[in-house]
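Here's a walk through a two-chain model, piece by piece. Have the viewer open and follow along.

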Amino acid sequence: MISLHAVSKAYDGKVIVHNLTTSFHKEKIHILLGPSGSGKTTILRLIMGLIEPDTGEIQINDTIVSRQKHRDIASQIGYVIQESGLFPHLSAKENVTLVAKLRGWKKESIQKRLEELLRLVNLDNDSIRRYPQELSGGQRKRVSLMRALMLDPPYLLLDEPLGALDPIIRSELQAELKRIFSVLKKTVILVTHDINEAALFGDTISLFHQGAIIQQGTFEELCIKPTTTFVTQFIDAQKPPQNIRKFL
Amino acid sequence: MKYLTLMSFFLLFISQSFGQETRDKTIVVGSKTFTESYILAEIIAEVIEDVGEAKVERRFGLGGTGIVFTALETGEIDIYPEYTGTITEVIIKNPTITSVKDIREALANKNLIISESLGFNNTYAIALKRSTAEKLHIKTITDLMKHPGILVGFSHEFLKRNDGFPALEKAYGLNLTNVIGIQHGLAYTAIESGKIELTDIYSTDAKLTKFDLEILKDDHNFFPQYYAVLFARKKLAEEFPKTWHALQKLEGRIRDEKMQELNARAEIDKKTFQEVALEFRGELRKGTQSSFLKKLWEVSLEHLYLVMISLVAAIFIGVPLGIIATRYQLLGQAILLVSGLLQTIPSLALLCFLIPFFGIGTLPSLVALFLYGLLPIVRNTYSGIISLDPHYRETARALGLTHVEELRFVELPLASITLISGIKTSAVINVGTATLAALIGAGGYGKLIITGLALNDIPTILSGAIPAALMALVIHACFEVLDRIIIPKGIRL
């Protein structure tokens, strides 16, 4: 379980996360939903130990994050960074296997894990030899997911994993990601601003606004029992306009 | 670990290449960078070789009195031809001393000795084209007061020396308005083409007649006397008495006209210094004149050695410094500032500063080139890393890479294009700067260039300048190939 206790974080006097207490239970899929700038990505970076909270603390399985080394956190959590964050100087394969190599894995073990992951994300042997610039947007997302899963960590954090894709590819990948999550049975925290994606993946949804969680619950709960007008506003804003709904 | 191994190999290589220089039973002869000094030094060298008490090492073409005198004082060279006026003005700094006897006394505590005059007085003189002199009715230095706007090109040394231009201006109350500094060897071409009208020359100058120059009468007897003498370490006379005795036989043997003639043999008849020296000594001994190609090959190796060793050192030190600069902000700014400041020191000045610490020759040149090579490497390493998208650094940490791994597998490969272009810049600059190393006796293409400048011989200058330019091109091309190997394919796409 990952839990946050009274966590606050500000940049240049601007509060990004405000006194946040919440927890993410095992083997569930948690969605951090909200408009951009609402502090979702900051939560992921805090959990990864990439930045430290101004106040409060974060625990992964009862261990405080700020006292852990990046290396130990990385064994526990796979992180799919926004825009996929692949290293351009390494081939897709090198991107995926880098961490395992640095941890002294045997060649055969690396190859075996690589093949497993290729099957999991449905990527071909030819693409994995290419450099990130030579891959399509969708392929890059797959590679990025493979890299996060290389060490088989129990937790997986994804920051807008399907952002900046055209609608057809996006919907294809949504379906695939749904399948992958169900196969993996990992604790997933996924950041998105897309209500449909949240509804599709999420066991729980935390709706963020100005650094705080406005409402936490299932998609149904958010729709049926919104706690504030912001919740309703946010959901309504992403519905198609009235006059075209009948065609969809 | 690999880095340490490479570093120790490098240090071993450096120490070996210097360890080989043994000074036993060797007399090092120096000279300055003008024809007469080369010829006299060659004569000295041959006399020593004939006596056979010691081997001779020629360190000719040392740039200026400061460098060559420091070299003598520190024992880097043992003997060189000097002038009494220069010794009293620049070295003893007491122009009231004039006689050889008084100079000897003044030098006694420095363990330096001089011979009697070799027979000629090579004083400074002011000259202009005969046609200009007639047109403007200038016969004496005093006459110059009527022409303050005349185009003057004085040698840098003359402009700076206490007994040079500043004192001349004072003594005659001159008020010349168009004065520029010019390399002595280039002054004739400049005067011929009309770029300058007036210059300082030596009274034994070979080109006085060739360029039809007229010496202005020193009507206030301003210029001191510059009798040529042998300037040596006392140890030379003590350890090699026969040699010193043989050298003393040169005293009084070269008159003004003789020296002018010897200079002309080199500068106008294009004889080598060795040929001129042999001719003077009336010997038919076959010179060990090496072919031009062989000589070129030798200086090429010397030059390449200077450039490559200093470059490798600059890479080994500069890259880590650049990395440190990215990690600690204040220290980083200090590193960038210092390496920037080093670049602003004029090359020749830097070489001079280094002589007291490293002597003359290859070592101080390598140090100077290393210091010059640092800035482009430090700065490009720094900016290459600092300008990386912070996403990459964050990803590296999220993947659990240690700082060293992050540097090795992420930052350096991504910064490699910028980093290598810094190394390229450094290498190409070093090829050029290394030509100056000849002025402190390190050899290389500069040796040909300064000899050419002394002789005012364009082909000789080009024989050094063109290969230097070619070397820069070749090194550049080599790096283009190296780019393909070092820069990861992914970021070249």
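Predicted model: local features only at pLDDT ≥ 70, side-chain atom pairs only at ≥ 80, totals over all residues.

Strand β1 of chain A (residues 2–11) pairs with β2(A) in the antiparallel sense, over seven bridges.

How many of the eight residues of α1(A) are buried? Seven of them are, so the helix is largely enclosed by the rest of the structure. The buried set is K40(A), T42(A), I43(A), L44(A), R45(A), L46(A) and I47(A). Just after α1(A) comes G49(A), with a positive phi of about 75°.

## A parallel pair and a hairpin

Elsewhere in chain A, strand β3 (residues 29–33) and strand β9 (residues 204–209) run parallel, joined by four bridges. Here L32(A) sits opposite S206(A) of β9(A).

On to the next pairing: β9(A) also pairs with strand β10 of chain A (residues 212–217), this time in the antiparallel sense and over five bridges. F208(A) has I213(A) as its bridge partner in β10(A). The two strands, β9(A) and β10(A), form a hairpin with two residues between them. In the turn, Q210(A) has a positive phi of about 50°.

## Where the chains meet

The contact between the chains involves 22 residues of chain A and 20 residues of chain B. On the chain A side, α2 (70–76) and α3 (92–102) each supply at least two residues. The largest share of that side comes from α2(A), with five residues. By class, the chain A side divides into 14 nonpolar, six polar and two charged residues.

## Chain B from a distance

Now zoom out on chain B. Its C-alpha trace spans about 85 × 55 × 45 Å along the principal axes, and it contains 22 helices and 10 strands. Of its 493 residues, 43% are buried. Take the contacts in chain B between residues at least 6 apart in sequence: 77% of them join residues at least 24 apart.

Chain B is divided into domain 1 (23–121 + 226–280), domain 2 (124–215) and domain 3 (292–492). The C-alpha centres of domain 1 and domain 2 of chain B are 27 Å apart. Their contact takes 16 residues from domain 1 of chain B and 12 residues from domain 2 of chain B. On the domain 1 side, α4 (84–91) and α13 of chain B each supply at least two residues, and α13(B) gives the most, with six residues. The residues on that side of domain 1 of chain B divide into seven nonpolar, five polar and four charged.

## α13(B) meets α2(B)

There's another contact to look at on α13(B). Helix α2 of chain B (residues 35–51) and α13(B) (residues 256–267) pack at an angle of about 100°, with axes 10 Å apart. That makes α2(B) roughly perpendicular to α13(B). From α2(B) the contact uses T35(B), E36(B) and I39(B); from α13(B) it uses M259(B), L262(B), N263(B), A266(B) and E267(B). By class, that contact has four nonpolar, two polar and two charged residues.

Finally, have a look at L455(B), which is found in helix α21 of chain B (residues 445–455). Is L455(B) buried or exposed? L455(B) has 24 other C-beta atoms within 10 Å, so it counts as buried.

Which residues does L455(B) contact, leaving aside its neighbours within four places in sequence? They are T35(B), A266(B), E267(B) and T460(B). T35(B), A266(B) and E267(B) also take part in the contact of α2(B) with α13(B). As for I268(B), it lies 187 residues from L455(B) in sequence, but the two are 8.3 Å apart in space, C-alpha to C-alpha.

Key:
Residues numbered from 1 in each chain as written. Chains lettered and ligands numbered in written order. Axes fitted to C-alpha atoms, helices over the stretch in contact; angles between N-to-C directions. Parallel < 35°, antiparallel > 145°, perpendicular 65-115°, else oblique. Contact = placed C-beta atoms within 7 Å. Nonpolar A, V, L, I, M, F, W, Y, C, P; charged D, E, K, R; others polar. Pairing = 2+ DSSP bridges. Domains from an automatic or database assignment. Buried ≥ 20, exposed ≤ 12 C-beta atoms within 10 Å, placed from the backbone.
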